[in-house]
Amino acid sequence: AMLGMLLFLLPLVPGGGGAGTDLDRMIRIAGSPIGYRLGWLGWQITAVSDLLLAAALVRVTDPGTRARKLAIATAAFVVLAVIPDQTAQFLLVTRGYELARMGAEARDTTDFIAFEDMMFPLTSGWAAVLYTLGAIGWALVLREVGIWSRALARLSPPMLVLFCAISVAPILPLAIRPKPELIGAGNALAFTVLEGWFVLVWWLLRSRAALVADE
């Protein structure tokens, strides 16, 4: 998803760093249907991976334990997040693209920007808040079952606080809402840290599997 963001999506989303006005950005979308859809495809695959991770945590925790209860709550947050997230992304690459194409022909951004203003709070706001609650659940479940380390303990709180801040930002009132560029930068930092967090979790799981194999 991050690679697709860098290769395709950054110049096509608000605050992504593309030069020019909203009209320029809309024209770029109209001229890049494949790139626009490929950029969002990575995040759609990510949603599937989130569901798989949530299901795996439920599966590997013992029934009746605190870890299982946390895993079930985490899975519920992820499922609830996927609904507005994937609805908005599907509409952006279908109806949104068509509005961009028609707007580019008419040199009028009104309908397209109004549509974006409805869609982006769903995926980068409400869904992101629910995903963040899910990520907090992931950390709690992993700690509960012993897949934890000093590095994860140090990395998790600032990462999750940052995710909380950037998730809430797109749904704040306009008067106090950070600029899209600031939200975009926060997302870039948070997801980069998350990659490191997942690497640490993978390493701990790999080490535990090796110990079990030796036994």
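This is a predicted model: local features need pLDDT of at least 70, side-chain atom pairs count only at pLDDT 80 or more; totals for chains, interfaces and linings use all residues.
**Exercise 1. Work out which elements the protein chain has, and what its overall span is.**

Start with the count: the protein chain has seven helices and zero strands. Reading from the N terminus, you get α-α-α-α-α-α-α. Then take the C-alpha trace, which spans about 70 × 35 × 30 Å along its principal axes.

**Exercise 2. Decide whether α2 and α4 are roughly parallel, antiparallel or perpendicular to each other, and find the residues that meet.**

Step one is the geometry. Helix α2 covers residues 22-31, and its axis comes within 8 Å of the α4 axis, with the two crossing at roughly 115°. Angles of 65 to 115 degrees count as roughly perpendicular, so that is the label for α2 and α4. For the handedness, α2 passes α4 in a left-handed crossing.

Step two is the contact. From α2, look at M26, I27, I29 and A30; they meet Y97, L99, A100, R101, G103 and A104 in α4. Sorted by class, this contact has eight nonpolar residues, one polar and one charged.

**Exercise 3. Now pair α3 with α5: are they roughly parallel or antiparallel, and which residues make the contact?**

Helix α5 spans residues 110-144, and it packs with α3 at an angle of about 30°, with the axes 12 Å apart. The cut-off for roughly parallel is under 35 degrees, so α3 and α5 are roughly parallel to each other. Here α3 passes α5 in a left-handed crossing.

Next, list the contact. On the α3 side are W40, A47, D50, L53 and L57, and on the α5 side are F120, Y131, W138, V141 and L142. The class count is nine nonpolar, no polar and one charged.

**Exercise 4. Describe the second largest pocket: how much space lies in it, which helices supply its lining, and what classes of residue are there?**

Begin with the volume: about 250 Å³ of space lies in this pocket. It is lined by 16 residues, and the closest to its centre are L57, L142, I147, V201 and L205.

Then ask where the lining comes from. α3, α5 and α7 (180-214) each supply at least two residues. The largest share, six residues, comes from α7.

Finish with the classes: the lining divides into 14 nonpolar residues, one polar and one charged.

Note on methods. Residues are numbered from 1 along each chain as its sequence is written. Side-chain values use heavy atoms; hydrogens and water are left out. Axes are lines fitted to C-alpha atoms, for helices over the stretch in contact, and angles run from 0 to 180 degrees between N-to-C directions. Helices (H or I, at least four residues) and strands (E, at least two) are DSSP runs, numbered from the N terminus. Angles under 35 degrees count as roughly parallel, over 145 as roughly antiparallel, 65 to 115 as roughly perpendicular and the rest as oblique. A crossing is left-handed if the near helix is turned anticlockwise from the far one by less than a right angle, and right-handed if clockwise. Contact means heavy atoms within 4.5 Å. Ala, Val, Leu, Ile, Met, Phe, Trp, Tyr, Cys and Pro count as nonpolar, Asp, Glu, Lys and Arg as charged, and the others, Gly among them, as polar. On a 1 Å grid over the protein atoms alone, a cavity is a set of points where a 1.4 Å probe fits but cannot get out, and a pocket is an open set with protein on both sides within 12 Å along at least five of seven lines; lining residues have an atom within 4 Å of a point. Grid points are joined across faces, edges and corners, and a volume is the space filled by probe spheres set on the points.
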